[in-house]
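I opened the model today to work through its sheets, helix packing and ring pairs. My notes follow in the order I looked things up.

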Amino acid sequence: MPSCGWLLVLSLAALTGIAVGAEGTERNCSLSPPYLPSTAVNTTLRLQELRERMRPLNISAYIIPGTDAHLSEYIAPRDNRVAFMTGFTGSAGTAVVTQTKAALWTDSRYWVQAERQMDCNWELEKDGRGGEIGFDPFLFSLQTQENYNINLDSSNRSLKSIPANLVDQVWTERPPIPPDHLTRLPDRVIQRTWQMKVDHIRNQMRDNPYEPTALLLSALDETAWLFNLRGNDIPYNPFFYSYTLLTMDDIWLFVHLDRVTDELKEYLNASCVGSLCVQLKSYDTVRDDLQKYVAQPGVKVWIGTEYTNYALYELITPEEKLMTSSYSPVLTTKAVKDETEQRILRDAHVRDAVAVIQLLMWLEKAVPEGKETELTAAEYVNNCRSKQKDSRGPSFETISASGPNAALAHYSPTEESSRRLTVDEMYLVDSGGQYLDGTTDITRTVHWGTPTDMQREAFTRVLMGNIEISRTIFPSGTRGANMEMLGRRALWQVGLNYGHGTGHGVGNYFGVHEWPVGFQTNNIPFRSGMFTSIEPGYYKDNDFGIRIEDVAVIVPVQTKYGHNYLTFDTVSLVPYDRKLIDTSLLSSEQISLYHQCIIKSLVFTNHYILLQKYYFSWIASKNIVSSTLLLILSSFHFMILYLLYSMTFLTIYVIFVVTS
């Protein structure tokens with residue numbers, strides 16, 4: 001998880017003000033009295049109460065990170081302490097409060113939003129005297145704590161661990177934990193029982209030369225995966241608050257006990273004593289119970305440093321009782337899907353393609369009428385997904401962006417920001433669904449009018465990057481970071497680039513961003529059975545944005561000489577906007593792979609495909625033929641495919657009836 005500790009400490013001691021002038025919807029603290037928009041939140045009382053709790057602890061500042069005790073990417077409303085204290089609701093931000101000052105650090109995506117939502121008690125930092133600075137160790141990763149310590153040392157400051165969160169003490173109306181009971185996955189989506197998984201992880205512990213006696217699981221998806229359980233504590237993610245301590249003889253599961261039904265207790269063998277009997281413990285006792293375990297002689301606790309919070313790490317002393325790796329064996333094992341997980345995740349993408357195709361077909365008819373907006377489009381695709389089998393809602397907040405809004409890579413529309421969709425602008429939709437059998441994530445960029453030459457070239461070069469990665473053959477164990485530049489090469493050739501990652505892991509009814517798979521330097525090597533997104537893009541400030549995102553599974557491939565080689569098999573089944581493709585830029589190999597993707601949209605093992613009559617009528621009414629593409633589509637099959645399915649989108653409008 002990225003840390004900006006070094007940035008914060010540059011101004012932590014002084015917190016000198018930055019004059020912020022704004023008009024209209026943004027605050028203006030330079031006026032007397034200050035101008036505050038109606039969207040600003042009054043934080044005077046909550047800051048006063050927080051400072052009252054800081055004084056007896058003798059701390060000069062208190063840090064409020066935007067995360068939870070499990071270092072999750074998405075957090076529940078009850079963990080959004082930054083929003084409560086500042087009024088700022090963006091997804092990235094860290095606040096610092098002293099006895100006289102308060103400041104928020106966030107990146108440039110959210111500067112305008114922060115100016116609209118914060119009152120003049122807070123300074124927005126866009127870019128040290130002695131004393132202790134308080135922090136909640138449950139909200140700090142090991143790396144974050146180390147970064148703060150290193151940078152504060154030069155200003156004669158130090159961190160003070162305060163496990164009882166001070167913000168929670170003044171947050172009198174903090175949202176409660178959802179009362180819903182935890183649920184187990186049905187047998188039809190499971191190949192490995194939780195007992196099988198526990199045995200497998202214990203074997204990895206037993207085979208480890210450092211001889212750990214226990215494994216501590218802190219990331220929410222670790223415990224959920226291990227026991228085949230799901231919850232709804234985190235928006236868009238089927239997780240529940242939990243920790244697990246696994247030893248060779250015991251299993252301690254730390255949860256909110258009132259959410260575990262008698263049926264689940266039986267499922268977990270909670271009433272027996274033995275190596276495959278789960279001992280249920282209160283979520284809030286994890287620190288005390290871990291401390292008791294560590295106090296025993298001859299124990300060694302294995303942790304994954306990326307997702308273990310500092311509150312638990314600081315208890316595992318002396319050092320010989322600690323064993324670390326970047327990721328726990330649960331995360332690395334979970335990254336490789338078994339045969340059932342691969343099959344059902346493919347199935348989920350078939351149904352998901354129906355929803356996205358329905359959106360694109362509806363927009364092509366509705367946008368020229370001038371009534372639809374970014375927000376109504378987002379609502380429409382969410383509704384289409386909700387009607388699919390095993391739907392469990394969206395997997396993240398839909399990114400529905402037109403024109404200049406699409407130039408913001410992670411923009412999502414609100415009532416205030418939503419723009420009307422027109423045929424004169426490009427439109428980008430990045431959306432995904434949670435299904436009982438899988439998680440999806442797909443991005444398509446379209447244009448309903450006449451794109452400029454620049455837009456067509458940029459789109460085609462982004463497509464070339466997607467294709468280049470998708471068709472790459474590589475040895476098993478290759479890191480994604482070593483091939484990531486393939487997604488950028490076509491853009492680099494003309495001086496273009498994008499500022500986000502090229503891909504991330506995807507789960508089975510889990511997080512849409514599933515670590516540790518992907519193309520970043522801290523991701524693990526690729527192996528057969530992993531799923532990853534492939535999503536190059538390009539964003540022209542204040543004009544348009546392009547992203548083409550597919551999900552692919554890594555599969556074995558036969559080569560002429562070598563063995564143990566892999567490639568990507570794309571499972572996303574929504575073709576691209578034909579109008580935006582400049583085929584003169586594509587190589588014959590890229591065109592071939594492009595057509596293979598289109599053909600795949602028609603042929604699925606174990607699925608029935610029905611093209612409804614009115615889809616044919618609608619396609620036929622377009623009757624748009626490209627002579628350039630006709631020359632390229634030299635085979636009879638490609639010609640038939642084009643005549644039937646090519647129009648403004650080279651999109652196959654189908655209804656997939658998935659067999660159970």
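**Entry 1: helix α8.** I started with the buried residues of α8, and they are Leu-220, Asp-221, Glu-222, Thr-223, Ala-224, Trp-225, Leu-226 and Phe-227. I keep in mind that this is a predicted model. Eight of the eight residues of α8 are buried, so the helix is largely enclosed by the rest of the structure. I then stepped just past the end of α8. Asn-228 there takes a positive phi of about 55°.

**Entry 2: α7 against α8.** Next I asked at what angle the axes of α7 and α8 cross. The answer is roughly 120°, and the axes come within 7 Å. The two helices are therefore oblique to each other. I listed the residues in the contact. From α7 I have Trp-194, Lys-197, Val-198 and Ile-201, and they meet Trp-225, Leu-226 and Phe-227 of α8. Sorted by class, this contact has six nonpolar residues, one charged residue and no polar ones.

**Entry 3: the six-stranded sheet.** I traced the strand order as β12-β11-β10-β8-β13-β14. This sheet is open and its pairing is mixed. Which strands stand at the edges? They are β12 (278-282) and β14 (322-325). Each has a single partner strand, so one side of each is left without a neighbour in the sheet. From one strand to the next, the twist averages 20°.

I looked at one pairing in detail. Strand β11 (residues 251-255) runs parallel to β12, and five bridges join them. Val-255 stands opposite Ser-282 of β12. Helix α7 (residues 194-207) packs on this sheet. I noted its contacts with β8, β10, β11, β12 and β13. The direction of α7 makes about 60° with that of β10.

**Entry 4: aromatic rings.** I counted ring pairs next, and the structure holds 21 aromatic pairs. I picked out Tyr-243 and Tyr-283. Their rings are stacked, at 5.4 Å centre to centre and with 20° between the planes. This pair links distant parts of the chain, since the two residues are 40 apart. Tyr-243 sits in strand β10, while Tyr-283 sits in the loop between β12 and α10 (286-294). Buried or exposed? Tyr-243 is buried, and Tyr-283 is buried as well. I also found a cluster linked by ring pairs. Its members are Phe-135, Phe-140, Tyr-148, Tyr-310 and Tyr-313.

**Entry 5: the three-stranded sheet.** I moved on to another open sheet, in the order β16-β17-β20, with antiparallel pairing. Its edge strands are β16 (399-402) and β20 (442-447), and each pairs on one side only. Neighbouring strands here are turned by 10° against each other on average, direction ignored. How many bridges join β17 to β20? I get six, with β17 covering residues 426-431 and the two strands running antiparallel. In this pairing, Ser-431 stands opposite Ile-442 of β20. Helix α14 (residues 374-386) packs on the sheet and touches β16, β17 and β20. Its direction makes about 145° with that of β16.

**Entry 6: strand β24.** I checked which way the side chains point. In a regular strand the side chains alternate between the two faces of the sheet. In β24 (residues 531-534), Phe-531 and Ser-533 point one way, and Thr-532 and Ile-534 point the other way. All of these are buried. Strand β27 (residues 550-557) pairs with β24 in the antiparallel sense over four bridges. Ser-533 stands opposite Val-551 in β27.

**Entry 7: two loop residues.** I first looked for Asn-564 and found it in the loop between β27 and β28 (565-570). Asn-564 is exposed, with a relative accessible area of 58%. Leaving aside its neighbours within four places in sequence, I find Asn-564 in contact with Pro-475 and Ser-476. I also took a C-alpha to C-alpha distance to Arg-527. Asn-564 and Arg-527 are 9.8 Å apart in space and 37 residues apart in sequence.

I place it in the loop between β6 (157-161) and α6 (166-170). Ala-164 is partly exposed, with a relative accessible area of 45%.

Conventions
Residues are numbered from 1 along each chain as its sequence is written. This is a predicted model: local features need pLDDT of at least 70, side-chain atom pairs count only at pLDDT 80 or more; totals for chains, interfaces and linings use all residues. Side-chain values use heavy atoms; hydrogens and water are left out. Two strands pair if DSSP finds at least two bridges between them. Axes are lines fitted to C-alpha atoms, for helices over the stretch in contact, and angles run from 0 to 180 degrees between N-to-C directions. Contact means heavy atoms within 4.5 Å. Angles under 35 degrees count as roughly parallel, over 145 as roughly antiparallel, 65 to 115 as roughly perpendicular and the rest as oblique. Ala, Val, Leu, Ile, Met, Phe, Trp, Tyr, Cys and Pro count as nonpolar, Asp, Glu, Lys and Arg as charged, and the others, Gly among them, as polar. Rings of Phe, Tyr and Trp (its six-membered ring) pair if their centres lie within 6.5 Å; planes under 30 degrees apart count as stacked, over 60 as edge-to-face and the rest as tilted. Buried means under 20% relative accessible area, exposed over 50%, partly exposed in between (1.4 Å probe, protein chains only).
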